[in-house]
Amino acid sequence: MKRLLLMLHDCDEARREKIFTLCEGKMEPVFLSENDPDYSAYMKRAEVIFGEPSPQALLETEGLRWLQLSWAGADRFLPPIKERKNVTLTNASGAYGVTIAEHAIAMLLALARRFPAYGRQQRQGIWQDLGSEWGLAGKTALILGVGDLGTQLALRLRSFDMHIVGLCRSARPAKLPFDDLITMEELDEALPRADAVFGCLPGTPKTAGLLSMERLNAMKEDAILINVGRGSLLRTQELAAVMRQGKLFGAGLDVTDEEPLPKEHPLWQLDNVILTPHVAGIAYGHLSATCDHIWDLFLDNLQRYLAGEALRNQVSFTEGY
């Protein structure tokens, strides 16, 4: 029986041809979806999977050796496979930094200029000055996470003349695009000084609930909070409670602790909140450049796998990213 490469994402003819050429005489590529009647049988046989199978389907695999994700976040795939020492998990980290950073900046600018509230006025035909706005120049941006996303965001915030502080795991000298770097032990000291706080962290046990109610309350009264990393960073009910007390200038969330966010959630009703449905980093059907980056990564890793070489973007089962 041939070794099986299971493709859960379709692609153009040129990429298909390259996959079949790389696999010729070595593996059998099969393209299918979860709705295919043979899906379970193929999952059991698959040695390599490209895509995001359900955690339950992963538990049923018998010959899996490598799972390549098209996502950067790997947290939901760790429980089904982390105890299987013969399985390598790789993600698409590096493909999403630019597009998510642009999304975060769009949120920041819209909130700073009160666009959500002016948008509501526009729909009601109201012409009214809503008062003071929020300028970026000279402000301090605290970026939680200095990986690809955090770095791409910092690069773009520099053009707004902001002072940029990055939160990282271990102490290290600051280098551009960051003006300063802090560790987790310094977070409580840095939060009250930050004008804008950006969540750019992966979802791990160490980052879950990092922005607790106490820390949200410790932020500046007129700070802006943007989360484009993982929804587990904070509890949206706690954020809503803080904001309904008149704290924070605004908040932008592309990710939430419960997705989709319930229709009755109080955050939907606040004029200084922007909510987007986890689309900041979506590639397929959104940005072709991001999609191209993912496919280039997969094809390079496939070539490496077939040659017995080390794969790029391996996820640590202990760190979670």
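Colleague: Which residues in H5 meet which residues in H7?

Modeller: Gly-97, Val-98, Ile-100, Ala-101, Glu-102, Ala-104, Ile-105 and Leu-108 in H5 meet Asp-148, Leu-149, Gln-152, Leu-153, Arg-156 and Leu-157 in H7, where contact means heavy atoms within 4.5 Å. These contact residues comprise nine nonpolar, two polar and three charged. This is a predicted model, in which local features need pLDDT of at least 70, side-chain atom pairs count only at pLDDT 80 or more, and totals for chains, interfaces and linings use all residues. Residues are numbered from 1 along each chain as its sequence is written, and side-chain values use heavy atoms, with hydrogens and water left out.

Colleague: At what angle do the axes of H5 and H7 cross?

Modeller: The axes of H5 (residues 97–112) and H7 (residues 148–157) cross at roughly 50° and come within 8 Å. H5 is therefore oblique to H7 (under 35 degrees is roughly parallel, over 145 roughly antiparallel, 65 to 115 roughly perpendicular, and the rest oblique).

Colleague: Turning to cysteines, how many disulfides does the count come to?

Modeller: The count comes to zero disulfides, a disulfide being a pair of cysteine sulfur atoms within 2.5 Å. Cys-23 is in none, and the nearest cysteine sulfur, that of Cys-11, is 11 Å away.

Colleague: Is Cys-168 buried or exposed?

Modeller: Cys-168 counts as buried, because its relative accessibility is 6% (buried means under 20% relative accessible area, exposed over 50%, partly exposed in between, with a 1.4 Å probe and protein chains only). Cys-23 also counts as buried, at 1%.

Methods. Axes fitted to C-alpha atoms, helices over the stretch in contact; angles between N-to-C directions. Helix = DSSP H or I, 4+ residues; strand = E, 2+ residues; numbered from the N terminus. Nonpolar A, V, L, I, M, F, W, Y, C, P; charged D, E, K, R; others polar.
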